[in-house]
Amino acid sequence: MPEAPLVVGAALGDCVHTAGVLNFLAAARHAGYRSEFLGPAVAVDRVVAAASEHRPDLLALSYRLTPDSAERLFAQLRDRLAEAGLGGRRLVFGGTPVVAEVAERSGLFEAVFGAPGGPTVEEYLAGGAAGPGRREWAQTLVERCREAAPRPIIRHHFGLPGVDATVAGIERIAAAEVLDVVSLGPDQNFQEHFFHPERMDPAQDGAGGVPVRSADDLRQLYAATRRGNYPLLRSYSGTNDQVALAAVLHEAIQNAWCAVPVFWYSELDGRSARSLEDAIAEHAALVAWCAAHGVPVERNDQNQWGLRHASDTVQVAASALAAGLSAAAGVTTVVVQMMLNNPPGISPAMDVAKMAAMEHLVRARVGPGVAVLRETRGGLFSMPPDPDRARGQLAAAVRTGMLLRPDILHVVGHTEAHHLTGPGELISSCTLARQVVDDALLGLPDPLADPRVAARRDRLVEEAAFLLGAIEQRFPGAAGGDPAALAGAVRRGYLDAPYLAGIPAARGAAVTVVDGGCDAVDAVSGAPLPERERLAALG
């Protein structure tokens with residue numbers, strides 16, 4: 001068996017800081033290298049002597065002092081290596097950003113760690129023990145998640161009120177290499193009237209996102225991602241003509257996955273004039289199209305119910321119901337979005353319990369032949385407008401989400417509660433999130449080892465399973481996706497939320513309270529209301 005390649009490391013010159021180079025050597029050993037460490041404050045002549053003696057496949061050097069002295073050391077190193085006939089040696093460098101910039105300018109190093117926009121050690125070593133090569137970024141959701149594991153891929157919404165500005169922003173974001181999925185946010189005119197421009201309200205152009213008006217606009221946006229780490233691109237599914245729009249998105253931007261609810265974007269929330277039954281039927285047709293074209297599907301009903309203060313039980317049941325319908329339609333990869341802090345005030349412990357129950361029932365409903373990707377995100381209404389508190393909330397949501405071992409981390413930018421996120425702010429938020437992920441991957445406790453969390457998870461699984469069984473018994477055909485049966489479960493209040501009061505398509509009679517978790521309670525006594533009792537009260 002051939003001997004593993006050798007990397008020799010040292011802290012150069014007078015620098016005694018060794019943590020960085022030792023961490024690199026540890027990562028290199030994990031990637032299949034042997035390693036030799038020369039120590040702190042190693043003179044240039046000793047580095048050259050070691051390179052001459054050991055003939056390493058790679059020299060890894062660090063220096064964290066002043067840029068001026070670093071520049072002199074690098075010039076000396078270049079001269080000594082050339083004099084020793086070692087000018088072709090492969091070198092990498094790690095240091096503070098200002099010193100890393102000097103290292104990049106020197107031209108000595110094939111990789112520099114610490115410079116803005118530079119590679120991570122993991123990315124550099126991803127080419128294997130034989131040495132790094134040009135990174136080929138995976139261009140499907142499943143492959144991107146597989147390559148990144150155990151690190152989640154990062155997603156963030158982005159869309160400015162002009163196409164040109166959005167293209168320039170995506171170019172900047174892609175070049176920063178901190179985001180894996182640009183989740184395109186088009187304006188409401190696009191979502192509702194893409195195929196009927198005569199129905200668009202010009203006063204609403206750019207309201208809520210980028211005013212995409214043609215497939216060529218989409219192609220421009222996709223072209224902007226073809227740099228840096230080549231992020232995936234995906235878009236909202238629209239609220240009308242969804243199957244036709246899916247075909248356009250598939251061709252123009254290679255839509256990474258489709259996100260569509262079962263019940264929403266209808267008369268239930270006012271985002272479309274469609275009846276509940278018509279929306280359910282059109283969503284089902286879109287999911288069938290995705291199944292036929294191999295497009296992963298995310299159903300986001302649980303988020304919508306939670307935003308209207310539905311109980312945790314209803315949220316868990318809605319997620320499992322939606323995932324089961326997707327699998328029955330032939331979808332082979334389902335994305336389960338887990339919106340934390342939804343509704344606001346839920347404790348991290350009970351949030352984790354809810355999402356663990358959600359994953360358990362989703363997997364039970366879709367079966368072993370369907371891949372389930374976990375996607376965590378902070379709650380839509382959890383971000384405070386104060387920028388410092390918002391950064392703290394972002395970090396807290398990422399840390400809580402990491403307890404759920406996500407495949408996808410949906411970052412909600414720290415400016416979201418104040419103003420539309422620009423490219424620089426997006427990069428800042430994703431960089432913050434990556435730091436939290438790095439720390440979490442060192443090891444987090446098992447939340448289900450807490451008896452309270454495990455008990456809550458088990459209770460939610462039991463209650464949500466009862467609710468699903470009651471829906472399927474009372475509304476035959478619901479499990480098979482019959483629109484009238486599914487709509488009946490909403491109209492009769494089996495699936496219900498307090499903030500649906502006054503909506504003709506819903507009952508709107510549920511009462512919930514947030515006390516750790518979010519639970520249905522009796523409207524008079526305030527006592528917790530198990531599903532058996534709540535449904536019995538509906539008659």
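Author: A crossing of two helices is right-handed if the near helix is turned clockwise from the far one by less than a right angle. This model is predicted.

Reader: Which hand does the crossing of α10 and α11 have?

Author: The crossing of α10 and α11 is right-handed.

Reader: At what angle do α10 and α11 pack, and how far apart are their axes?

Author: Helix α10 covers residues 242–253, and helix α11 covers residues 276–292. They pack at about 30°, and their axes are 9 Å apart. Angles under 35 degrees count as roughly parallel. So α10 and α11 are roughly parallel to each other.

Reader: Which residues in α10 and α11 meet?

Author: From α10 come Gln 242, Val 243, Ala 246, Ala 247 and His 250. They meet Glu 282, His 283, Ala 285, Leu 286 and Trp 289 in α11. By class, this contact has six nonpolar, three polar and one charged residues.

Reader: How is a pair of aromatic rings described?

Author: By the distance of the centres and the angle of the planes. The structure holds ten aromatic pairs. One of them joins Phe 194 and Phe 195. Their centres are 5.0 Å apart, with 85° between the planes, and the pair is edge-to-face.

Reader: Is Phe 194 buried or exposed?

Author: Buried means under 20% relative accessible area. Phe 194 has 13%, so it counts as buried. Phe 195, at 34%, counts as partly exposed.

Reader: Which parts does the pair of Trp 264 and Trp 305 tie together?

Author: Trp 264 lies in the loop between β9 and α11, and Trp 305 in helix α12, so the pair ties together parts 41 residues apart in sequence. Both Trp 264 and Trp 305 are buried.

Note on methods: Residues numbered from 1 in each chain as written. Predicted model: local features only at pLDDT ≥ 70, side-chain atom pairs only at ≥ 80, totals over all residues. Heavy atoms only, no water. Axes fitted to C-alpha atoms, helices over the stretch in contact; angles between N-to-C directions. Helix = DSSP H or I, 4+ residues; strand = E, 2+ residues; numbered from the N terminus. Parallel < 35°, antiparallel > 145°, perpendicular 65-115°, else oblique. Contact = heavy atoms within 4.5 Å. Nonpolar A, V, L, I, M, F, W, Y, C, P; charged D, E, K, R; others polar. Phe/Tyr/Trp six-rings, centres within 6.5 Å; stacked < 30°, edge-to-face > 60°. Buried < 20%, exposed > 50% of the residue type's maximum accessible area, 1.4 Å probe, protein only.
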